Amino acid sequence: HMDQISRDKGPDSCVKPEVVSYTNVLWACAVTPTTDVREQLKNFAVAIDTFNHLRTSEHCETDHVIYNRLLMCGIVLGRGTKSHSKIITQVFQLCCRDGFVDERILQHFCKAVPPDILLNI
C-alpha cells in the first residue's frame, strides 16, 4: 500500500507516491472485474484507504481527478447494496465541500443516483 512506499528505508526511501499513483490505485479498484459484492466492498475499502492516505499526505493533494475516480469506485463497487446511493452522495458532498466538482463529476453523480436524491442535495 501507499503507507509502505512512504515508510521504506531502502535505497529508494526518498521516493514518495505522487498523485498519479493514488489515481491509478483508485482506477484499479473501480475497474477490477467482479460481481461478488464482498469483493466489491473490499475493493471499495482499499479505495477509501487510498483516498484517506492521500488526504493526509505531505507530498501531494487531492484534485478533481481523484474525486472523479473515487466517485467511480462508489458507483461501480456498491451496486446492489442498500447503501449504494448513500456512498455516492457522501463522496459527492465531500467533493463539493472541497471545491472539486466539475462537469464530469456532476454528470456521473446525476446518472448514478435516483431523482429523489438529486432533489435533496
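How close do the axes of helix 4 and helix 6 come, and at what angle do they cross? The axes of helix 4 and helix 6 (residues 103-112) come within 10 Å and cross at roughly 15°. That makes helix 4 roughly parallel to helix 6, a label given to angles under 35 degrees, while angles over 145 count as roughly antiparallel, 65 to 115 as roughly perpendicular and the rest as oblique. The axes here are lines fitted to C-alpha atoms, for helices over the stretch in contact, and the angles run from 0 to 180 degrees between N-to-C directions.

Before going further, a word on the model. It is a predicted one, in which local features need pLDDT of at least 70 and side-chain atom pairs count only at pLDDT 80 or more, while totals for chains, interfaces and linings use all residues. Residues are numbered from 1 along each chain as its sequence is written, and side-chain values use heavy atoms, leaving out hydrogens and water.

Now let us step back to the whole chain. The protein has 7 helices and 0 strands, with helices (H or I, at least four residues) and strands (E, at least two) taken as DSSP runs numbered from the N terminus. Of its 121 residues, 37% count as buried, meaning under 20% relative accessible area, with exposed being over 50% and partly exposed in between (1.4 Å probe, protein chains only). Among contacts (heavy atoms within 4.5 Å) with a separation of 6 or more, 63% come from residues 24 or more positions apart.

Back at helix 4, you can follow its contact with helix 6 residue by residue. His64, Tyr67, Asn68, Leu71, Met72 and Ile75 in helix 4 meet Arg104, Ile105, His108, Phe109 and Ala112 in helix 6. By class, this contact has 7 nonpolar, 3 polar and 1 charged residues; Ala, Val, Leu, Ile, Met, Phe, Trp, Tyr, Cys and Pro count as nonpolar, Asp, Glu, Lys and Arg as charged, and the others, Gly among them, as polar.

Helix 4 (residues 64-77) also packs against helix 3 (residues 37-55), at an angle of about 160° and with the axes 9 Å apart. Helix 3 and helix 4 are therefore roughly antiparallel to each other. On the helix 3 side, the residues that meet helix 4 include Phe44, Ala47, Ile48 and Phe51, and their partners in helix 4 include Ile66, Tyr67 and Leu70. The residues of this contact divide into 12 nonpolar, 3 polar and 1 charged.

In the loop between helix 3 and helix 4 you will find Thr62. At 15% relative accessibility, Thr62 counts as buried. Leaving aside residues up to four places away in sequence, Thr62 touches Phe51, Leu54, Arg55, Tyr67 and Phe100.

Several of these names return when we turn to the aromatic rings. Rings of Phe, Tyr and Trp (its six-membered ring) pair if their centres lie within 6.5 Å, and planes under 30 degrees apart count as stacked, over 60 as edge-to-face and the rest as tilted. The count comes to 3 aromatic pairs. Phe51 and Tyr67 form an edge-to-face pair, 5.3 Å centre to centre with 70° between the planes. This pair links Phe51 in helix 3 with Tyr67 in helix 4, 16 residues apart. Both Phe51 and Tyr67 are buried. The rings of Phe92 and Phe109 have their centres 4.0 Å apart and their planes at 5°, so that pair is stacked. Phe92 lies in helix 5 (residues 84-98) and Phe109 in helix 6, so the pair ties together parts 17 residues apart in sequence. Phe92 and Phe109 are buried too. Finally, ring pairs link Phe51, Tyr67 and Phe100 into a cluster.
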